Amino acid sequence: MPLIIKDEYPEMLFRKDGKRLDGRDVNELRPIKMEVGVIKNADGSAYLEWGNNKIFAAVYGPREVHPHHLAKPDKGILRVFYRMATFSVFDRKRPAPGRREKEISMIVSDCIEPLLFLELYPGTSFEVFIEVMDADGGTRCASTTVAALALADAGIPMKSLVSAIAVGKIDGKKVIDLSGIEDKAGEADLPIAITWYNEEISLLQFDGDMDLEEMNEFLDLAKDALKEIHQIQLDALKRKYIKLQEETNKPKEKNDKKGEE
Amino acid sequence: MMDVKRIVSKIERDYIISNLKKGERIDGRGLWEYREFQIESDTIASAEGSADVSLGDTRIITGLKYEVGEPFPDLPDEGVCTVMAELLPIASPLFERGPPDEQSIELARVVDRGIRHADCVQTKKLCIKEKEAVYILFVDMYVINYAGNLIDAGGVSALTTLISSHIPEGIWNEEKHETEWTGKYLTGKTIVNELPFVLTYGKIEDIILLDPSLPEELVCDGKISISVTEDKITSIQKSGAATFTIDEIKTLGNKSLELGKKLRKGLNLLQYLSEIK
């Protein structure tokens, strides 16, 4: 539910007991829920709830490139479209995509591309559509995470998954996974993604100020949190195959039922 | 992945039609039967009301936002409620990204007209100060998965969103000449009066069926959507290249009132009223 008074930032981002406003410790993630195969029409899809963020990602491809002149004769192309629903933020967002959405689309696309074997798919395109239904800070990281999951769900060969998170500084303390209000009222924000096949950084942005020592600490903090997120991604994928296995193991009953209906 | 295409093969078409002639549908439903509705309300924290509605495999998420603006000069004491629909490219390979096309505009328009002409939204209650400030409500529908009959799913989705709404209550401050917030909320209880339902029928040759699924929709010559309240027809939209006889329209009008009653009772949308005070 939205606040009645607009843009009122709290004076303190920590409560008296030392916890953050939503009751978390400095190195605690918000609750995260992931599920694959949520959109039946898509080649691959995933849904993510990360705190109050609610995001769908769907993959279509490899398919014919439209418009045709974008096709490359020597490799496939990856196109990512990040969009926010008009009601996903406090003030209604205009329905047409803005500059911010185009920038994030590009950032996510660049982050994911190293994972794919695009050279195996000349003349085709992979399209990843990301739709943010509800936003509460860290949507570019959440979108990257869920997009990687949707690609994996589509069965597209990948070197590994990629996971992303924002770390930052609020009221002088280093924290992981900034919420919307912490992002706006905090001092520093550093979204970061790691591709797991080489454990290297594939997305990195920063706004704020930090010294060298702080930067090193941020990177270490992020890596620990990302391991947790990677595990949640893997679990979501595994659940799909466990479910498939269970369904194929009991085909008899189901057929009988169908006949009755 | 579901098999989604623009054209249905001759074999599939003949199969659908020969079954319909026996009074059977490929998913086992009767001609006047809906697929199952699944409704969740108030799922979006950033919106002032929302609904996540599935009709079979068709899924639409709708959210409500508001602004305070000036009323139209010819309706100085009435708020405004607008409906927008977007066919997201995630929902089907048939949907392309980009500005709204005919299909999404039709969806928004038919749902909007169903609501507008049925005394559903109490626009006079959405007035803060005559000629100065009224609420402008935006009901925005996003199609998440497309498996036929977006209009009926959209209608229920928009209605549930309005019922679940909770909008900060404003009063006019004469001295400052601006709106002030009381800390209370206007909810669906105040805003919504009538509950109009829109029912869509497909026509294939001379067979008429309720709630066409995607393969049926692709085979249909045309469709007709009829919005009904408890005892009145409030809006009709015929679309596609089918023609309907006058008798058929009369039957459908009758059928819509009857099926609308059943739907009203079955879905019991008033259970989704927001409890915020």
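Hi everyone, let's start with how chain B is put together: of its contacts with a separation of 6 or more, 71% are between residues 24 or more positions apart. Here, two residues are in contact if their C-beta atoms, placed from the backbone, lie within 7 Å.

A quick word on the source: this is a predicted model, where local features need pLDDT of at least 70 and side-chain atom pairs count only at pLDDT 80 or more, while totals for chains, interfaces and linings use all residues. Residues are numbered from 1 along each chain as its sequence is written, and chains are lettered from A and ligands numbered from 1 in the order in which they are written.

Now the overall picture. Chain B has 6 helices and 12 strands; these are DSSP runs numbered from the N terminus, helices being H or I of at least four residues and strands E of at least two. Its radius of gyration is 20 Å, close to the 19 Å from the globule rule for 277 residues, so chain B is as compact as a globular protein of that length. That radius is taken over C-alpha atoms, and the rule is 2.2 Å times the number of residues to the power 0.38. The C-alpha trace of chain B spans about 70 × 40 × 35 Å along its principal axes.

Next, the sheet. Four strands of chain B form an open sheet in the order β10-β9-β11-β12, with antiparallel pairing; strands pair if DSSP finds at least two bridges between them. At the edges are β10 (207–210) and β12 (233–240) of chain B, each pairing on one side only. On average, neighbouring strands in this sheet are turned by 20° against each other, direction ignored. Between β9 (residues 197–204) and β11 (residues 222–228) of chain B there are 7 bridges, and Phe197(B) stands opposite Val228(B) in β11(B).

Which helix packs on this sheet? Helix α2 (residues 102–116) of chain B does, touching β9, β11 and β12 of chain B, and its direction makes about 165° with that of β12(B). For these angles, axes are lines fitted to C-alpha atoms, for helices over the stretch in contact, and angles run from 0 to 180 degrees between N-to-C directions.

Finally, the contact between the chains. Chain B gives 35 residues and chain A gives 28 residues. Elements giving two or more residues on the chain B side include β3 (58–69) and β6 (133–145) of chain B.

Thanks, and I'm happy to take questions!
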